[in-house]
Amino acid sequence: MPKSRRKVRVKFSGETLTHFGGLLLLQAFFHRLALRRELTRLLRRRERNSRYTLGEMTLALIYPILLGLGRIETTKLLRQNGVFQELTGLRSYPDPASLRRFLTRLGTYGIPRFLRFHDRIKRGLTKMTSAIFDLDTSVLTVYGNQEKAKIGYNPKKRGRPSFAPLFCFEGQTGVSWEAEWLSGDAHPAPLTIPLLERALAKLPKHVQKVFVRADSAFFDQKILDFLEGKCISYAIVSKMTSSIKNRIGGLRYRRYGSGLEAASFMFRPPTWKKTRRFIVIRRPIPEEPSWQLTLLQLQGYSYQVIVTNLDLLPINVWKFYNGRATAELVIRELKEGCAIGKIPRNDWAANLAYFQLVLFAYNLLIWFKHLYLPKEFRRINVQTLRQRLLWVPALLVRPGGIPTLRLPKSYPYQKQFLETLKNIERRRIKI
C-alpha cells in the first residue's frame, strides 16, 4: 500500500489559478448577447470618483449570483482572482461596500431601464406560440430592520417580518416572466391583475394563446373576470368554502388508476355574477396521512377543487394544473441556488434592485441551458450545472503568447464542455 505524503511544501505563488474555469462558457454567452455593451449603454449616468461604469457594476453583481457565491460579502473571493478578472474583462473587482451603494443607486433611478432591457431579451429569445403563466408567491424572512419588511403570513417563522414577492413564471421554460417585490403583509390578489397586464404586454406578437395556473391565493372573482375578458384559459385552485364543500359529496365520480377519482359541476358562489365550471379530484386517505394532502378530508377521501374554463376532461384539467409544480421548483432554486433571500441592505430600493438582478441572472442560466447545452444537460438544476460546468479548476497560461485555459485532464465532462463552447460559437441569437 503506497504511503501518503507527510512533507509537502506550501507556497502561495499561483497568480493564474481559478476554480471558476467554466466562466469561459458564460463569458462567451454574454458576448453573444452583447451584455456588457448594452448594460453600459442603458445605465449610462455621470458619477464622480467612480472607477467602474454602471454596466461593469451590474455585471459585478450578476457574476457571483451565477457562480453561487451567496451573500455580497463572499464576493471578496473574486477580488483576489486575477483569472476571473481577465476572463470577464473587469480591470478589478469592486469591494462589497461599493456594491451595496451601487444597489441603492440602481434601485433609485436605473431599474426601469434595466427591466426594459430584460424584457427585450425575453421577447427576442421566446420562440413558442403559446405561453403558460404560473402565478405564485413566497415568503422571505428577514432578521434586521429592513425598510418596509412587515409581519404577515409566515408559516415557518411566525411573527417575523418578511417580504412576500409575487411571481409570474412561464411554465414551459421556467423563465421568470414578471415579478413584484412586496412587503410581507401584502395580499397577492389585488396586485395580480396589474402584474398580468404587464406580463401580457411583454409577450411577442407570435404568441397567440395564453394559459394561467395558480393556487387558491388567486381564487378571486375579479381575477377570473379579467382572464375571461382577455380570452385566457385558466386552472385555479378553489378555496374550500362551505357552499363548495356541500356540493362535492354527492357528485358522481369517475375512477382512474391508483384510487384517484374525478368529477365536475357547474356552480355560482353566492357573491359571484356568473356560473363557472369546477373540477373535483379525490383520493383515498392513506393510513399514514401525508403533508402533501389538501386540507379538506371527508368520508375517507382527500379533495382538491379547481375552477377552470378549459374544455377538457376533469382528469386532464388536473394533469394540466399539476404542471404548475415547475413554479415551486423555480422558487426553491431562486432561494437555494441564487440567494434571493439574502437581503443585502436595509434600503427598499437596494433590495428591489437585488431582487430584479437575481431574476435576471436566473433567466440567463435558463437561456444558457436551453440554447447551448447538450441535450442531456438541459434539465439539470442550477447547482448541478455549476458543479459540472462552472466550478472547474483551471490554469491560465500563455504558450507562444496565446491565452490558454488549462482544465484538469481527469475532468469528466470534457465532451460536454467543448460541445457547449462550439454551440456558442456556431449559434447566433438576435434580441
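Two strands are said to pair if DSSP finds at least two bridges between them. Helices (H or I, at least four residues) and strands (E, at least two residues) are themselves DSSP runs, numbered from the N terminus. With these terms, strand E4 and strand E5 (residues 161-163) form an antiparallel pair joined by two bridges.

The structure is a predicted model, in which local features need pLDDT of at least 70 and side-chain atom pairs count only at pLDDT 80 or more, while totals for chains, interfaces and linings use all residues. Residues are numbered from 1 along each chain as its sequence is written, and side-chain values use heavy atoms, with hydrogens and water left out.

## The chain as a whole

The protein chain contains 14 helices and 16 strands. Its C-alpha atoms fill a box of roughly 80 × 65 × 45 Å along the principal axes. A residue is called buried under 20% relative accessible area, exposed over 50%, and partly exposed in between, with a 1.4 Å probe and protein chains only.

A contact means heavy atoms within 4.5 Å. Among contacts between residues at least 6 apart in sequence, 66% join residues at least 24 apart.

Lys and Arg count as positive and Asp and Glu as negative, whereas His and the chain ends are not counted. The place of a charge is taken as NZ of Lys, CZ of Arg, CG of Asp or CD of Glu. The protein chain has 75 positive and 31 negative side chains, with 5 Å between the centres of the two sets.

## Strands and sheets

Strand E4 belongs to an open sheet of three strands, ordered E3-E5-E4 with antiparallel pairing. Strand E3 (140-141) and strand E4 (150-151) are at the edges; each has a single partner strand, so one side of each has no neighbour in the sheet. Within this sheet, Ile151 has Pro161 in E5 as its bridge partner.

Another open sheet of three strands has the order E1-E15-E16, again with antiparallel pairing. Its edge strands are strand E1 (17-18) and strand E16 (404-406), each of which pairs on one side only.

Strand E12 (residues 276-284) is largely enclosed by the rest of the structure, because seven of its nine residues are buried. Strand E12 pairs with both E11 and E14. In a regular strand the side chains alternate between the two faces of the sheet.

| Strand pair | Bridges | Partner residues |
|---|---|---|
| E12 and E14 (residues 301-308) | eight | Ile281 and Gln304 |
| E15 (residues 394-397) and E16 | three | Leu396 and Leu405 |

## A buried lysine

Is Lys122 buried or exposed? Lys122 counts as buried, because its relative accessibility is 3%. This residue is found in helix H6 (residues 96-125). Apart from its neighbours within four places in sequence, Lys122 is in contact with Val175, Ser176, Trp177, Glu178, Lys202, Asn363 and Trp367.

## Cysteines

A disulfide is a covalent bond between the sulfur atoms of two cysteines. Here it is counted as a pair of cysteine sulfur atoms within 2.5 Å. The count by this rule is zero disulfides. Cys231 is in no disulfide, and the nearest cysteine sulfur, that of Cys168, is 18 Å away. Cys338 is likewise in no disulfide, with the sulfur of Cys168 as its nearest cysteine sulfur, 18 Å away. Cys231 counts as exposed because its relative accessibility is 61%, whereas Cys338, at 2%, counts as buried.

## Positive phi angles

Most residues other than glycine have a negative phi. Ala34 is not a glycine, yet its phi is positive, at about 55°. This residue lies in the loop between helix H1 (23-33) and helix H2 (35-42), and is buried at a relative accessible area of 18%.

Lys148, also a residue other than glycine, has a positive phi near 70°. Lys148 is found in the loop between E3 and E4, and its relative accessibility of 41% makes it partly exposed.
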